[in-house]
Amino acid sequence: MDDFRMRWADLVKDLADLTSAANLARRLGTDPREIRRWKDGRTKPQGRYAQMLIDECQTGGVNWRKYQRLALVYDVRNSFEENTSDGPHSLSSTHDPYIPERSTRFLGHPLNSPLGIPACVLTIDSHWVEPFSRYGFDVITAKTVRTRRTVVHPFPNWMYLPELTKAIAVGEFPECVRNVSHAPDAIVGRVSTANSFGMPSLEPEVWQPELVRSREVLREGQMLIASVVGTADDGDVVGLISDFVRCAHLANESRPHAIELNFSCPNVYGQEGSLCRNPEVAAKICALLDSELGGTPLLIKIGYLPPGELQQLFMATYKHAHGFTAINTIPARIVSCAQREEPAFPGSVRAKAGISGVAIKDHANAAIRALRSLADVHKAEIEIIGVGGVSCADDVREKVEAGANVVQMCTAVNSNPFIAQEIRQEMASRFDPRAAAKVFGHSVAFTDSTVLAAFESTAKACEGLRVPFEVGLQALAQNWLTGYLSEIQALKTTTQSGFRTRREPPKQEQISDWIKSNNRNVKAKAPDMGGTHR
């Protein structure tokens with residue numbers, strides 16, 4: 001571990017925010033004032049304290065590497081083919097921590113959380129989908145597929161944009177941005193990237209079985225969405241519509257929970273990448289699939305559109321759609337950071353590439369708000385996947401408040417695969433401290449020292465898992481407290497005096513296991529494959 005490059009102040013602050021500086025200090029065996037000095041950057045943790053902080057991160061599911069350098073799941077230094085065969089990196093197939101549930105529903109399906117990953121190079125096939133399903137991502141859209149094999153654009157395909165470290169206001173998006181090829185040593189929430197892959201795809205004979213396997217590896221409370229795109233000669237509108245419909249039918253044979261029609265990709269040469277700007281063609285595709293797919297939910301993925309264009313697309317398609325995914329990357333000209341402003345991506349037609357990350361957050365939120373307003377007037381049951389610039393719990397909250405039902409993220413995930421865990425733990429830890437005081441204040445009294453010991457152990461277990469006390473109390477009641485109190489009551493009614501029980505209070509580790517057992521995402525048999533009908 002390179003201590004010199006570690007951002008200890010950020011790491012300590014985030015750990016302390018999960019519970020409190022006092023609780024963190026007690027777990028480390030140090031003074032709270034020392035925690036404050038570390039948070040302020042006045043001193044750095046040394047020796048065993050540095051290692052204990054790393055251990056705290058690992059116990060709490062926090063990716064400590066993000067405070068040192070970006071550990072990439074998709075290695076941008078390698079080709080798409082190399083990543084497909086060797087990846088995903090930095091993920092463990094046995095990763096199975098306790099992750100608090102944030103239950104929701106989407107397209108009629110119960111989910112463990114509203115968090116997921118969009119169609120991208122992080123969802124290439126089941127070998128990528130399975131580990132992410134263990135890291136707290138519950139709405140996973142498989143990478144976009146075609147009816148024919150399509151090769152990826154030449155390497156490089158994914159670059160970083162050091163100039164874009166904050167959200168760009170709507171209407172002020174730059175036309176030209178400089179890039180770097182290496183991952184910057186920066187906080188995940190300040191990272192923007194540009195990608196140029198071109199929606200590569202294998203043949204249906206290959207990707208159909210992979211879609212089946214991807215669904216099979218999911219756990220209870222998770223869902224798989226298939227993303228499709230049509231392919232045709234430039235100018236062949238009829239052929240494009242026909243191929244789009246055929247691709248959706250092929251994907252539907254693999255029985256995904258829903259199908260997403262990718263009407264927006266700035267990195268392809270043909271017309272299929274800009275269908276969200278062609279309401280007439282988009283409407284024909286949606287109408288055909290709505291009548292032919294037998295109830296499988298249809299989602300429309302769009303790029304950022306000005307309000308007038310977005311309204312035209314919505315009015316042309318909403319009657320045939322169950323929802324929208326907003327937004328895809330935003331195109332801009334990407335140039336090298338060298339002395340000459342040459343295109344960063346090689347090839348005469350690759351001057352522009354799709355920008356993702358924090359830079360597009362405000363544009364995504366604006367699109368979500370506009371879609372929700374239109375849906376409220378014309379079709380209230382429309383559901384929305386919010387995508388673009390998500391890297392923390394506040395970003396999720398903003399998208400939900402804008403009108404999203406669920407939220408997906410990609411750029412931040414590639415840098416920090418623990419991000420869904422962190423967001424869900426942060427959400428679970430946000431409880432009213434005044435309510436906690438009513439439970440643990442001096443006014444609380446126990447007539448039974450065994451029950452007191454059980455409550456104290458429960459409090460420590462909840463603190464260690466970063467969950468509200470009521471979660472632990474429910475586990476304690478189900479597994480010990482109800483039985484213990486019943487036994488005491490029975491002894492009281494059958495014994496004249498001196499009633500006693502040999503039942504011991506549970507230990508912290510045992511209560512932690514109960515909490516995990518009550519809330520763990522258990523892999524189950526594939527649920528009913530039928531679609532959701534309107």
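In which strand is the place of Ala353? In this predicted model, Ala353 belongs to strand S13. The relative accessible area of Ala353 is 0%, and because buried means under 20%, this residue counts as buried. Its C-alpha atom is separated by 8.5 Å from that of Thr329, a residue 24 positions away along the chain.

A search of the whole structure finds two cavities of 30 Å³ or more. The largest cavity holds about 540 Å³ of space. Its lining consists of 37 residues, and those nearest its centre are Ala119, Cys120, Asn195, Asn328 and Thr329. Strand S13 (352-357) and helix H13 (411-415) are the elements that give two or more residues to this lining. By class, the lining of the largest cavity comprises 20 nonpolar residues, 15 polar residues and two charged residues.

The surrounding fold can be described at the level of the chain. It contains 18 helices and 15 strands. Of the 534 residues in the chain, 54% are buried. Among contacts between residues at least 6 apart in sequence, 75% join residues at least 24 apart.

Which residues of helix H10 (residues 307-317) are buried? They are Leu310, Leu313, Phe314 and Thr317. Seen down the axis of H10, these buried residues fall within an arc of 100°, and they therefore line one face of the helix.

Cys57 has a relative accessibility of 0% and so counts as buried. Cys276, at 6% relative accessibility, counts as buried as well, because this value is under 20%. How many disulfides does the model contain, if a disulfide is a pair of cysteine sulfur atoms within 2.5 Å? By this rule the count is zero.

Definitions and conventions. Residues are numbered from 1 along each chain as its sequence is written. This is a predicted model: local features need pLDDT of at least 70, side-chain atom pairs count only at pLDDT 80 or more; totals for chains, interfaces and linings use all residues. Side-chain values use heavy atoms; hydrogens and water are left out. A disulfide is a pair of cysteine sulfur atoms within 2.5 Å. Buried means under 20% relative accessible area, exposed over 50%, partly exposed in between (1.4 Å probe, protein chains only). Helices (H or I, at least four residues) and strands (E, at least two) are DSSP runs, numbered from the N terminus. The arc is that of the directions from the helix axis to the C-beta atoms. On a 1 Å grid over the protein atoms alone, a cavity is a set of points where a 1.4 Å probe fits but cannot get out, and a pocket is an open set with protein on both sides within 12 Å along at least five of seven lines; lining residues have an atom within 4 Å of a point. Grid points are joined across faces, edges and corners, and a volume is the space filled by probe spheres set on the points. Ala, Val, Leu, Ile, Met, Phe, Trp, Tyr, Cys and Pro count as nonpolar, Asp, Glu, Lys and Arg as charged, and the others, Gly among them, as polar. Contact means heavy atoms within 4.5 Å.
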